[in-house]
Each structure stands twice: as C-alpha cells, then as structure tokens.
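I opened my notebook to record what I looked up in this structure.

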Amino acid sequence: MSSSPKLDGGSSSLGRLFRQAMRCTCPRCGQGSLYNKGLFDLTLRGVCTSCGLNLAKNDSADGPAVFLIFFLGVLLVPMALMFDAAFSPPLWVHAVLWGVLAIAITVVSLKPLKSLVIAIQFRHRASDWDE
Ligand SMILES: [Zn+2]
C-alpha cells in the first residue's frame, strides 16, 4: 500500500479540504479516520486504514492548539469585557461562564482544526509525505 500513488495530491479543491477536515478523515483518500477513537484523544493513527498513507510522519504537533488559543483570546476577551460592562456580574460568573465556553469550543473544534492543518500540509508540502 505504501507505493500507491497519491489519489488527488495537490489538486483537491478548498471545499473538499474543509469537508475532509470537518470529518477528520485522511487528506489523501478522504475515507480513513485520522484519529483513534475517543472524544479527547488527539493521537493520530500511524497509517490511514483506507489507503495506507503514513500519517504519523506528518503530525501537526502543537500548531492547531496555538491557532485556537489565539482565536479564543480574540473571541472571548472582548466578549467578556462587553458582558462585564453590560451586566457587572460577580467574578465567579466570569470564571464559570468563560471557562466552560473556552473548554467547549476547544473540545468541539480542536480535532477538525488539527485535521485542517494536516490537510493543508498534505496539499502544499507534498514532498514531506513521500514514502
Ligand atoms: Zn487515506
């Protein structure tokens, strides 16, 4: 399987890239799952179960988490400031509200974001994926 040619390499459309990222599937075939089972497990499978692409070789590491930290900071800090200016709640309300919201957004979006970074790496750095 490791000698199979790339099915759609760098010619996939942006829409397909996002759909594959949202489904957390292999950037080459769009069929095999990128991750092991489990809501909080971000460990990549070693190889795609469908086409045999070596996934472990191109893990995106902490990049998606850094993107998400910046995005959440830009999103949540102004919201918290506006909420405080409008309602002046006690500090424990801020801690619970924004803490829960930040964790919920992270749990929902980190796997698709990591999948998107991997798909972008696959699309634009094809030589790194050669076997
Ligand atoms: Zn695959």
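Predicted model: local features only at pLDDT ≥ 70, side-chain atom pairs only at ≥ 80, totals over all residues.

**Entry: α2 against α3**

I looked at the crossing of α2 and α3 first, and it is right-handed. For the term I noted this: a crossing is left-handed if the near helix is turned anticlockwise from the far one by less than a right angle, and right-handed if clockwise. Helices here are DSSP runs of H or I with at least four residues, strands are runs of E with at least two, and both are numbered from the N terminus.

Residues are numbered from 1 along each chain as its sequence is written.

Next I looked up the angle. α2 and α3 pack at about 150°, and their axes are 9 Å apart. That makes α2 roughly antiparallel to α3. Axes are lines fitted to C-alpha atoms, for helices over the stretch in contact, and angles run from 0 to 180 degrees between N-to-C directions. Angles under 35 degrees count as roughly parallel, over 145 as roughly antiparallel, 65 to 115 as roughly perpendicular, and the rest as oblique.

Which residues meet? On the α2 side I found, among them, Phe 67, Leu 68, Leu 72, Leu 76, Ala 80 and Asp 84. The α3 side includes His 94, Trp 98, Leu 101, Ile 105, Leu 110 and Val 117. Contact means that the C-beta atoms of two residues, placed from the backbone, lie within 7 Å. The residues of this contact divide into 14 nonpolar, four polar and two charged. The classes are these: Ala, Val, Leu, Ile, Met, Phe, Trp, Tyr, Cys and Pro are nonpolar, Asp, Glu, Lys and Arg are charged, and the others, Gly among them, are polar.

I also noted a general rule: an α-helix has 3.6 residues a turn, so residues three or four places apart point the same way.

**Entry: α1 against α3**

I then turned to α1 and α3. Their angle is about 140°, and their axes are 7 Å apart. That makes α1 oblique to α3. α1 passes α3 in a right-handed crossing. From α1, the contact uses Leu 17, Phe 18, Gln 20, Ala 21 and Met 22. From α3, it uses Pro 112, Ser 115, Leu 116, Ala 119 and Arg 123. I sorted these residues into seven nonpolar, two polar and one charged.

**Entry: the whole chain**

How many helices and strands are there? I counted three helices and zero strands. The order from the N terminus is α-α-α. Of the 131 residues, 15% are buried. A residue is buried if 20 or more other C-beta atoms lie within 10 Å of its own, exposed if 12 or fewer, and partly exposed in between, with C-beta atoms placed from the backbone. I also checked contacts with a separation of 6 or more: 54% of them join residues 24 or more positions apart.

**Entry: α2 and its end**

I checked the length of α2, residues 63-87. Its 25 residues should span 36 Å at 1.5 Å a residue, and its end C-alpha atoms are 36 Å apart, so the two agree. The expected span is 1.5 Å times one less than the number of residues.

Asp 84 sits in α2. It has 13 C-beta neighbours inside 10 Å, so I put it down as partly exposed. Its C-alpha is 8.3 Å from that of His 94, ten residues away along the chain.

After α2 comes Ser 88, with a positive phi near 45°. Ser 88 lies in the loop between α2 and α3 (91-124). Is Ser 88 buried or exposed? It is exposed, because 8 other C-beta atoms lie within 10 Å.

With 15 other C-beta atoms within 10 Å, Cys 24 is partly exposed.

Gln 31 is also in the loop between α1 (14-23) and α2. It counts as partly exposed, with 14 C-beta neighbours inside 10 Å. Leaving aside neighbours within four places in sequence, Gln 31 touches Thr 25, Cys 26 and Ser 50. Gln 31 and Ser 50 are 19 residues apart in sequence, and their C-alpha atoms are 6.2 Å apart.

Leu 53 lies in the loop between α1 and α2. Leu 53 is buried, with 25 C-beta neighbours inside 10 Å. Beyond four places in sequence, its contacts are Cys 26, Arg 28, Val 47 and Cys 48.
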